[in-house]
Structures are given as C-alpha cells and as structure tokens.
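Subject: Structure handover

Hello,

Here is the structure you asked to take over. Please open it first, then read the notes below.

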There are 2 protein chains.
Amino acid sequence: MNETPTVDSFDLDHTKVVAPYVRLAGRYRGPNGDVVTKYDLRLVQPNRAEIPTAALHTIEHLLAGYLRRSLPGATVVDASPMGCRTGFYLTVLGDPADVELRSGFEAAVRLVAAHEGEVPG
Amino acid sequence: MNETPTVDSFDLDHTKVVAPYVRLAGRYRGPNGDVVTKYDLRLVQPNRAEIPTAALHTIEHLLAGYLRRSLPGATVVDASPMGCRTGFYLTVLGDPADVELRSGFEAAVRLVAAHEGEVPG
C-alpha cells in the first residue's frame, strides 16, 4: 500500500501498554474550531486476551446507553468495538477533561457490569 | 435501564434494509458550527450473515488506510466494526456529499478486496 495515510493506532507499541486503560487516540479540530476527540478504551491486554464475540456485542449495546448517561458534558458520537476485541474506540464531539472522561468511562463500565434484564437494541 | 438516552441504531428496523448499503446514521453540529457525520457502512445482511471475526479485523486495518485515501475531502475520525459483524461505522469530521461518500466507500472496498501483501498495523 503506497502513500498510506498515517493511522495513529498502527504506531502504538501494544507491548508497552497495560490494560485496562483510557488513552487519547486522536484530537481533530474543524475549520470553525470545534473539537472531536477519540479515545482508546482498552479493557483487556492486546495480544494476550480477547473478549468473546457475543460478550463484546452485548457490551457494545449496553455501553451505547450508559456512556451517553455517564458523559453528560460531551456528545457521544460513536463507541465501537475494536476488531482485535480488546476494547472500544469512543468518539465524542467536544474535548472533555481527562479526569471527566475517565470517571465517566469507569461509571459506564460499572453500570454495564451491574446491568440486569434485557439488552437494548 | 431507565432514562436511557436515545441510540439511533436501536430504532432501525433491520429487516427493512438490504445490504450492502451506506446509510446516514447521525449528524452532529458543534457549538461553533462544525459538523460530524456518522455512517452505517453495511456489508452483509443483518441477522442473516456475519463476517468472520478474523476477516473483520483484517478489513478494519485495510479500510483504515484506504478510506482515508478514498475520502480526501473529509477527515476520517474512526471506522470501526460493528459488534454484530455485519459492517462498519464510519465517523468523519465534515459533511461530505452523499455521492462523494458512497463512491469513496466503494473505492475503498475495492482496494481492500484487491489488497495483496502484508496487512498494515
């Protein structure tokens, strides 16, 4: 593949990270000054473990609602599983403080773990 | 789950769509006027088929580069597989014309299908 545009995560040394973690994966500024921020929400260690496919799908549906509830200060655009099944990419419109993002993600994961009953969607 | 925020895709009738297709899944406007657009890039029919996990992961890595090349007019923020393994969600900063987005996606899928050699990332 010639002239490949840069893809941030391809340059990440996945042996240097320790899951679970939240990592800023990208920040984009629009022509008018709005900021879009993308996070690597890693739940299990890359190349060591992976979340089973059905569980990942369930977590995706639960996170969709719970992340929006736990991050009221940001507009959640997308939260999608990674193909490697070790975590999720979260894209928000806005630029929340690191501590706010992290605590919101932790709260959402706790709500997912405590969820009972039907899975929405 | 009480007070669940709305999640667009949960209201989509997945029996009414015919894959492959491109669907506008969401449009978000920042306080300064920049637009973030999210697309449902569906490759196989929901509840009928699913892309094998390893293939989905490979397509994810190839699409990452090829989508950025095929959509030079938009800033690709994220392109992640769906947990149901029937397609991808694409998030761009900008509001490309429908025809441009669709032709860019088609071009990227053709490049993925024609790809030979190592998978990046």
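Two strands pair if DSSP finds at least two bridges between them. Helices (H or I, at least four residues) and strands (E, at least two) are DSSP runs, numbered from the N terminus.

Some ground rules. This is a predicted model, where local features need pLDDT of at least 70, side-chain atom pairs count only at pLDDT 80 or more, and totals for chains, interfaces and linings use all residues. Residues are numbered from 1 along each chain as its sequence is written, chains are lettered from A and ligands numbered from 1 in the order in which they are written, and side-chain values use heavy atoms, with hydrogens and water left out.

**The sheet in chain B**

Chain B has an open sheet of four strands, in the order β1-β2-β4-β3. The pairing is antiparallel. β1 (21–29) and β3 (75–81) of chain B are at the edges with a single partner strand each, so one side of each has no neighbour in the sheet. From one strand to the next, the twist averages 20° (axes are lines fitted to C-alpha atoms, for helices over the stretch in contact, and angles run from 0 to 180 degrees between N-to-C directions).

β3(B) and β4 (residues 87–93) of chain B run antiparallel and are joined by six bridges. Thr75(B) stands opposite Leu93(B) in β4(B).

**Helices on the sheet**

Contact here means heavy atoms within 4.5 Å. Helix α1 (residues 53–70) of chain B lies across β2 (35–42), β3 and β4 of chain B, at about 170° to β3(B). Helix α2 (residues 98–114) of chain B lies across β1, β2 and β4 of chain B, at about 45° to β2(B).

**Helix packing in chain A**

α1 (residues 53–70) and α2 (residues 98–114) of chain A pack at about 135°, with axes 8 Å apart. They are therefore oblique to each other (under 35 degrees counts as roughly parallel, over 145 as roughly antiparallel, 65 to 115 as roughly perpendicular and the rest as oblique). Residues of α1(A) in this contact include Ile59(A) and Leu62(A); those of α2(A) include Phe105(A) and Leu111(A). By class, the contact has 10 nonpolar, two polar and no charged residues (Ala, Val, Leu, Ile, Met, Phe, Trp, Tyr, Cys and Pro count as nonpolar, Asp, Glu, Lys and Arg as charged, and the others, Gly among them, as polar).

**The two copies**

A rotation of 180° with 0.0 Å of shift along its axis puts chain A on chain B, RMSD 0.0 Å (least squares on C-alpha atoms of residues with pLDDT of at least 70 in both). That is the relation of a two-fold axis.

Best wishes
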